[in-house]
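Here is a friendly walk through one protein chain, written to be read with the model open beside you. Take your time and follow the residue numbers as you go.

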Amino acid sequence: MHTVQNVAPWILTVGASGMDRQFRTTVKVGNGIETRGRSINTFSPKKRMYPLTSGAKAANSNGTISSPEMCDYGSMDMNKIKGKIVLCKEGAYQDSIVNGLGGIGVIRSVQKQSDTGFTFSIPAANIDSNVGDKIDTYINSTKAVINATAPFVASFSSRGPNAVSHTILKPDIVAPGIDILAAYSKLSSVTGKDEDNRFDVYNIISGTSMACPHVAAAAVYVKTFHPNWSPAAIKSALMTTASEMKLMDDLSGLAYGAGQIDPIRAVQPGLIYDMSMIDYIRFLCNEGYTGTSLRILTDEKTNCSSIPSFGGQDALNYPSMYLQLKNSTSNYSAIFYRTVTNVGSQKSTYKVTVKAPENVKVTVVPNTLAFSKLQEKKSFKVVIKGPPLKYSTSLSASLEWSDATHMVKSPILIFLPPIY
C-alpha cells in the first residue's frame, strides 16, 4: 500500500497485470520427480541427464559463515560443483555463483513463486519448495503448477491509496506487465551480467515500465480514430471500457483502478468524462494550492476565487470516484458531480446500473440520460451513504451507463486507512 506514484489527475497512472501466459522450464529428476519451474530459459541441453547435487552437499570445509544451502558465495567446493546441476534454497546471484564454480545449472527451491519469469546466466528454474524438499531427499539417498487467474495484478505493481491527494483513486488502470517480449539493447547481455555471453535485440522483461507502453500505444490507437479528442477524453475512454477484475481481497481496488485495459472497446466508449486546463486548476485550488505554489504549476498568476465552482467530493470530472474516510465510528456520505459527453450514437438514451454492497447506498440523479446529438453534454449527481466501516477497510462499487450498445463503467471505492 501507499506505493503508487505520479498521481496527478492529468496523468494516466498505470499498474501492471499478468496474462494467461507463463514461461515454464521442465525439471526432471532421476527418481521420476517432474515439475515445471518458472524461468525464461533460452538454453538447449546437450544431454538428457546431468549429475545433480545440492549446495549443502557441496559445502566446502572452510567453516565459512555463509550458507551452502543457499549456494552463497564462498560456501561451496568447486570440485563438488563442476559439471553438475545444483539445488539451492532461495538466495541471490546463485546462477552466477554456480557458473563461476563450473556448475552447469541451478534449481532454485523457493517458498513463494514470483509472478514474473527470470532470465538466468545458465540454465535455471524456480520450483516450489515442497518439490525442492523431495528433490533434496532424493539427492541425499512440483507441487502442481497453479494456474493464476488472468488477468491479475502483479505483485510488484504499485498500489494506492494516493498519498498526495485523498480525493482520487490511483492507479487508474492496469495493463500487461509480466514477462513481456520487449526491445532490448545489445550493449548489455540478456541478464545484465558480465559472465553472460547472450546478446539480443529482444528480451523478456517485467515491470510497470512494460505496462505503461501498452497504455501509451493504446492511447495513440484511440487518437488515430479521434484526432480531436483531448488527453482527458482518451484517458476516460480507456478507463470506462476497461475489463472488470476479480476482487481478491478488500484492497484489490487500490491495485487496479478501473481494471484491465481493452483498446478495442476504448475506440467506441459511448460517453466520455472530458476535462480542460481550468478543471485541473480548480482541482489544485480544492487541494489547497494557492499563490506561489499554484503559480509554479500553472506558470501564471491564478486567483482561486475566480475559478467557477464544480462542487462535490473531488471537484473534478473524473472517470472514477473515491471516498477516503477519516474514522470507523461515523456514518459517511459524499456527493460526486459528473458531466459526460456523447461520442456514441447521435440519438441515444443511457440508463444507469449500480452495483454496490448491501450496506452502501449509491443514488444516481437522474438515472437516465437522453441525448439528441453528438458532443451533447449531460450532468448527473452521485450520492453515496453508508454506516461506519467497522469490519472492512474498503468497499468497492460501480456505476455503469448503458444504451444497450455501449457500457460506460466507473469504479467507486470507499476506503478507511488503517491506523498505525
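## Ground rules

Two strands count as paired if DSSP finds at least two bridges between them. Helices (H or I, at least four residues) and strands (E, at least two) are DSSP runs, numbered from the N terminus.

This is a predicted model, in which local features need pLDDT of at least 70, side-chain atom pairs count only at pLDDT 80 or more, and totals for chains, interfaces and linings use all residues. Residues are numbered from 1 along each chain as its sequence is written, and side-chain values use heavy atoms, with hydrogens and water left out.

## The chain as a whole

The protein chain contains 9 helices and 20 strands. Its C-alpha trace spans about 80 × 50 × 50 Å along the principal axes. Of its 420 residues, 48% are buried; buried means under 20% relative accessible area, exposed over 50%, and partly exposed in between (1.4 Å probe, protein chains only).

Strand β14 (residues 332-342) runs antiparallel to strand β18 (residues 377-386), and 10 bridges join them. To find your place in this pair, look for Arg 338, whose bridge partner in β18 is Phe 380.

Strand β16 (residues 361-365) also pairs with β18, again in the antiparallel sense, over 5 bridges. In this pairing Val 365 stands opposite Lys 381 in β18.

## An open five-stranded sheet

Elsewhere to look is an open sheet of 5 strands in the order β13-β20-β19-β15-β17, with mixed pairing. β13 (321-324) and β17 (368-371) stand at the edges with a single partner strand each, so one side of each has no neighbour in the sheet. From one strand to the next, the twist averages 15°.

Within this sheet, β19 (residues 394-402) and β20 (residues 407-415) run antiparallel and are joined by 9 bridges. Leu 395 has Ile 414 of β20 as its bridge partner. Ser 398 also lies in β19 and is buried, with a relative accessible area of 9%. Leaving aside neighbours within four places in sequence, Ser 398 is in contact (heavy atoms within 4.5 Å) with residues including Thr 353, Val 354, Lys 409 and Ser 410.

How much of helix α8 is buried? In α8 (residues 277-286), 7 of the 10 residues are buried, so the helix is largely enclosed by the rest of the structure. Among them are Tyr 280, Phe 283 and Leu 284, together with Asp 279 and Arg 282. The cover over these buried residues includes α5 (231-240) and α9 (291-298). Just after α8, Gly 288 takes a positive phi of about 105°.

Helix α2 (residues 94-100) contains Asp 95, which is buried with a relative accessible area of 3%. Not counting residues up to four places away in sequence, Asp 95 touches Val 106, Phe 120, Ser 121, Ile 122 and Lys 193.

Key: Axes fitted to C-alpha atoms, helices over the stretch in contact; angles between N-to-C directions.
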